Amino acid sequence: MIRSTRRKVNLAWWLEMLAPLSIGFGILAASVLLYLRTQIWFSDQLMTALIAAIGLALVLPIVALILGRRRFISHREAAVRLESVMHLNNALSVAEDELAPWPQPPMKPMVRDGFGWNWRRLVIPPMVAVALVAAAFLLPVRPVEAKIEVPNEPIAWQEMEEWLEELKEEEISPEDKIEEIREQIENLRTQPEDEWFSHSSLEATDSLRESLQRALEQLEQDMTTAERTMTAMEKYSSAMSEAAQDQMIQEFQDAVQGMEFNKLPPTPQVMDALKQMNLDPNQMKQMNAQQMQQLREQMKKNAQALQQMMGQGQGQQGEWGNNLDDEEALMRMIHGDNWREGMGMSQQPGQGGVERGRGDAPMFHNEDESQLGSKDLEAVTNEDLSRAAPGDVLGVGEAENNIDEAPVQVREAGAVGSAGQGGETVWEENLLPSERAVLERYFK
Amino acid sequence: MSHPSEAELAAHSQKVKKLTAALNQILYGQEALVDMVVTGLLARGHILLEGLPGLGKTELVKGLSKALELDTKRVQFTPDLLPGDITGNPILQEVDNRREFVFQPGPLFTNLCLADEINRASPKTQSALLEAMQERRVTVLGQTHTLPDPFFVLATQNPIELEGTYPLPEAQLDRFLFKLDVHRNNAETLEKIVMNRELGVEPTIDPVMNHAELQEIMSAVRTVYLPDVVSNYIARIVDGTHPGQSKAAAGIKYGASPRAALSLASAAKARALMAGRINASFEDVKMACVPVLQHRIILDYNARIDGKTNRQVVGELIAEIPAQAMNVPKTLKETPSA
């Protein structure tokens with residue numbers, strides 16, 4: 001009986017020490033579990049986490065035992081407890097001291113140590129711990145997505161450098177011009193890193209990129225034009241009219257001039273060759289055909305490279321230089337995709353040629369819209385109307401409505417009491433002055 | 001210290017039981033009182049009896065003296081009682097043709113001194129009794145005279161008619177082992193008294209034990225084993241009478257002295273012997289708490305205003321302080337013992 005009392009009290013002390021540890025374990029386990037569930041890799045490490053949790057849970061009773069041992073009661077204290085509760089007149093203590101024999105145990109085997117279990121204290125702490133862990137398992141948690149590697153610098157810089165590198169590799173533009181652009185990019189890069197993505201820095205980047213892209217696109221167009229005109233004049237000048245030839249020559253010269261004044265002009269060698277090129281049929285015969293061929297191929301190759309850089313299609317090379325036998329094919333070559341049947345040498349609508357054709361102006365009634373590179377929409381605001389440029393927000397004004405103050409009168413049928421105002425709006429607002437003069441003269 | 005054997009204890013216990021039985025024949029309906037008086041005697045303590053007149057306090061003392069074959073003297077304390085009247089005075093006498101002062105012992109020189117209405121005597125006379133109670137000797141004119149052994153003082157006081165009385169000082173109160181309240185008898189007891197007593201006729205009682213036996217028993221009381229846990233219990237109870245040491249002590253101004261602890265131990269041993277046990281126990285201490293402590297604590301003003309009595313406070317103290325000083329974990333709770 002003394003031993004069972006002692007075991008009971010010591011067990012109660014152990015459970016008393018275990019209660020706060022179990023709550024602490026529950027809180028810790030729930031917190032760790034919630035955190036781990038936010039990690040993507042947790043599902044793979046679930047078993048490891050479970051084993052760790054079980055291991056920690058097994059350590060807790062040992063810790064509780066170590067903490068509770070100093071409060072455990074001795075055999076003597078258990079004896080005193082029993083004799084006190086059972087009113088044994090300290091017979092057990094005397095027997096422990098060997099001064100009297102041990103008293104007879106009571107008839108009923110039930111130990112009456114005067115202690116009952118405090119079930120609330122026993123059950124609540126582990127229940128709280130289990131509830132916390134269960135809540136950590138059941139709470140909906142979204143795993144943190146894997147971090148996306150954010151480039152350290154704006155992507156536009158890398159894109160522009162790739163273009164410049166491509167220009168350098170293909171030897172399209174001279175290095176000094178390429179370096180000029182590179183220096184501008186480098187100037188942006190030398191800013192403090194926390195300002196790389198500032199508004200001003202990004203605006204400067206966009207501006208530089210757009211200007212570079214325009215220059216490259218313009219260079220590509222000019223090279224394409226130059227190559228085409230050179231091919232046309234070389235091979236089909238005899239089939240062209242004089243006006244068409246002049247047109248070709250003019251276009252070639254415009255293209256060369258455009259390339260010369262481009263931000264990224266062709267290499268000096270190509271530029272010199274282009275300047276020396278004379279597309280006059282009489283002069284062309286005296287020129288080195290092989291050189292012309294090389295120049296044309298160089299133009300073609302550079303134009304293709306530029307088109308690939310800009311992410312455009314394969315271009316409009318097709319087989320237009322191979323199977324041209326008549327003026328229609330030439331027209332196709334000259335007009336490109338805008339060519340329609342009946343279109344003359346000139347690209348102006350409704351002018352020249354035996355077959356006048358439909359006279360469609362460019363960009364009208366065309367199946368495909370012209371690629372002008374102007375799909376980007378940019379909102380423009382102008383808070384300071386005093387500095388508003390034409391084309392920006394012009395202004396906001398207040399004006400009275402045009403109110404017809406003419407009295408309304410009812411007369412005989414068909415008669416008008418007063419002539420209403422507003423009819424002059426037709427020629428006042430919508431007609432050109434010359435047209436207005438014609439109408440006035442006509443109706444007067 | 002050697003402890004008495006169970007046989008010795010049994011023999012002593014039997015004699016004490018005879019004594020209490022004999023006394024219960026004298027005083028009807030006061031078994032508890034008789035029990036405690038005998039306990040006090042065996043513990044060699046003085047006893048203060050407080051009760052209304054006519055309850056048999058004097059008869060008890062007389063019966064006790066007859067049963068134990070002890071010399072008894074009764075002193076009626078009055079306001080004009082002088083110290084010499086109880087201790088004794090030197091009287092000028094002619095001895096061998098010479099005149100000299102010869103000490104004449106007073107009524108204190110007896111085994112059993114009944115001090116009736118002790119609170120009516122002057123403080124001076126009370127203090128004369130104080131030395132005798134504590135030292136068991138008196139000093140008169142520089143000469144110390146030892147009192148007989150055993151020497152007991154059984155004092156009485158009236159709880160009413162307090163006008164013109166001198167409350168016993170705390171120092172003297174502390175020297176009484178017990179303060180016992182003598183309660184009135186119920187109707188059944190009164191009927192028995194009427195049936196068996198006559199006014200003015202003292203009841204007869206045969207001697208139960210002689211002086212030597214009493215001394216032997218009293219010596220045996222001192223050898224009763226006091227377990228350390230019981231000593232610890234006594235110490236915690238006495239300590240709990242001091243302000244701030246327990247909830248029950250909230251209304252106590254001054255607590256009990258170490259003499260109270262010794263008194264408790266002696267009383268517990270006496271009770272153990274009376275029960276034939278070799279050791280004093282928690283139960284013995286609990287039984288002795290109220291008589292030992294109730295006259296040794298002083299309540300503060302608030303407690304007295306609240307109507308608390310010393311007896312109530314001691315009762316609360318016993319209920320509050322557990323017999324065993326053991327920290328109980330919160331996972332266990334105390335259940336009422338069967």
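Helices here are DSSP runs of H or I with at least four residues, strands are runs of E with at least two, and both are numbered from the N terminus. By that rule, His87(A) sits in the loop between α3 (75-85) and α4 (91-96) of chain A. Welcome to a predicted model, in which local features need pLDDT of at least 70, side-chain atom pairs count only at pLDDT 80 or more, and totals for chains, interfaces and linings use all residues. Residues are numbered from 1 along each chain as its sequence is written, chains are lettered from A and ligands numbered from 1 in the order in which they are written, and side-chain values use heavy atoms, with hydrogens and water left out.

**Backbone details**

- His87(A) is not a glycine, yet its phi is positive, at about 55°.
- In chain B, Asp149(B) and Pro150(B) are joined by a cis peptide bond with an omega of about 5°.
- Pro150(B) belongs to the loop between β7 (143-146) and β8 (152-157) of chain B.

**Helix pairs**

- Two packed helices are described by the angle between their axes and the distance between the axes.
- In chain A, helix α9 (residues 242-260) packs against helix α10 (residues 268-276) at an angle of about 155°, and their axes are 10 Å apart; axes are lines fitted to C-alpha atoms, for helices over the stretch in contact, and angles run from 0 to 180 degrees between N-to-C directions.
- That angle makes α9(A) roughly antiparallel to α10(A) (under 35 degrees counts as roughly parallel, over 145 as roughly antiparallel, 65 to 115 as roughly perpendicular and the rest as oblique).
- Phe252(A), Val256(A), Met259(A) and Glu260(A) of α9(A) make the contact with Met271(A), Leu274(A) and Lys275(A) of α10(A), where contact means heavy atoms within 4.5 Å.
- This contact of α9(A) with α10(A) has 5 nonpolar, no polar and 2 charged residues; Ala, Val, Leu, Ile, Met, Phe, Trp, Tyr, Cys and Pro count as nonpolar, Asp, Glu, Lys and Arg as charged, and the others, Gly among them, as polar.
- In chain B, the axes of helix α2 (residues 31-42) and α3(B) come within 12 Å and cross at roughly 55°, which makes α2(B) oblique to α3(B).
- Here Leu33(B), Val34(B), Val37(B) and Leu41(B) of α2(B) meet Leu60(B), Leu64(B) and Leu68(B) of α3(B), and the contact has 7 nonpolar, no polar and no charged residues.

**A pocket and a cavity**

- On a 1 Å grid over the protein atoms alone, a cavity is a set of points where a 1.4 Å probe fits but cannot get out, a pocket is an open set with protein on both sides within 12 Å along at least five of seven lines, and lining residues have an atom within 4 Å of a point.
- The second largest pocket holds about 630 Å³ of space, a volume being the space filled by probe spheres set on grid points joined across faces, edges and corners.
- Of the 24 residues lining this second largest pocket, Glu50(B), Gln157(B), Leu173(B), Lys179(B) and Asn310(B) lie nearest its centre.
- The lining of the second largest pocket divides into 10 nonpolar, 8 polar and 6 charged residues.
- The second largest cavity, with a volume of about 30 Å³, takes the largest share of its lining, 4 residues, from helix α3 (residues 57-68) of chain B.
- Its lining consists of Ile26(B), Glu59(B), Lys62(B), Gly63(B), Lys66(B), Glu202(B) and Pro203(B).
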